[in-house]
Amino acid sequence: MIIEKKRYLKVILLGDAKVGKTSLIKHFINRENSDFSPTIVPDFVNKEVNANGKLVNLRIWDTSGQERYQSLSFGFYRNTDICILVYDITLNRSFENLSYWIEDFKTQMGISNPSEFPFVLVGNKGDKHNGRTVPMDIVKNWCKANGNIPFFEASIRDKSSIDAIFEKAAEIAIQKIGIKNIRHSAIKLNKSKDKETSFKENSCNC
Ligand SMILES: Nc1nc2c(ncn2[C@@H]2O[C@H](COP(=O)(O)OP(=O)(O)O)[C@@H](O)[C@H]2O)c(=O)[nH]1
Ligand SMILES: [Mg+2]
């Protein structure tokens, strides 16, 4: 069987509504003032990141708000290479619901061994740490129990950790997918600064 090499790594952000998924994407691509608003069809944006000296093409999908109904389509999940799980550090429920999101993802993707899959966990709204309700030791144990998932506390207010999240995600994806399965054009030695490659508003058949 010939396996087509990847032209980019598909990234999705999963988690409850209002935890800040869209905001994180907007800030990552520096388009916080753009018209990146929810539509019927999930949108994606492309951006290159620098992961360990290599430029990696990421294609980042936003949910368009369907997560409110806990009903993300198979098309949204299909062929995902990296899953970024997001909760709000001030909302226990959004942390507890990660079990739902990770299960749904595993089921839809048919993943039997999740520790082999590139997940990253993000505790968002870190600027509101005075209102933190999810204790860090619980988060650390959760990451350990789910296959040592890397964790970042992030905030769009002070812009902390946002690039690091996507860089780390690309780094672990390269390790887990194997560089030989990714096209040369999707991953190359970094000779220039990270740059955004394109911005599309329609869904695709990936
Ligand atoms: N204080 C604070 N608010 C945030 C942060 N990230 C997102 N928000 C706010 O949380 C709300 C929901 O954000 P949104 O990106 O739409 O969440 P989504 O439903 O997960 O996509 C918006 O009012 C954002 O401005 C953050 O890091 N800190
Ligand atoms: Mg959103």
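Modeller: What follows is an account of helix α6 and the core to which it contributes. This is a predicted model, in which local features need pLDDT of at least 70 and side-chain atom pairs count only at pLDDT 80 or more, while totals for chains, interfaces and linings use all residues. Residues are numbered from 1 along each chain as its sequence is written, and chains are lettered from A and ligands numbered from 1 in the order in which they are written.

Helices (H or I, at least four residues) are DSSP runs, numbered from the N terminus. Helix α6 covers residues 162-177. Its 16 residues should span 22 Å at 1.5 Å a residue, and the end C-alpha atoms, 23 Å apart, agree with that; the expected span is 1.5 Å times one less than the number of residues. Just after α6, G178 has a positive phi of about 95 degrees.

Buried residues (20 or more other C-beta atoms within 10 Å of their own, with C-beta atoms placed from the backbone) in α6 are I162, I165, F166, K168, A169, A170, A173 and I174. An α-helix has 3.6 residues a turn, so residues three or four places apart point the same way.

The largest nonpolar core has 48 residues, of which I84, L85 and A170 touch the most other members. Helix α6 gives the most to this core, seven residues. Such a core is a set of buried Ala, Val, Leu, Ile, Met, Phe, Trp, Tyr and Cys residues joined through C-beta atoms within 7 Å.

Leaving aside neighbours within four places in sequence, I84 is in contact (C-beta atoms, placed from the backbone, within 7 Å) with V11, L13, V120, V122, I165 and A169. I165 and A169 are among the buried residues of α6.

Conventions. Helix = DSSP H or I, 4+ residues; strand = E, 2+ residues; numbered from the N terminus. Buried ≥ 20, exposed ≤ 12 C-beta atoms within 10 Å, placed from the backbone. Contact = placed C-beta atoms within 7 Å.
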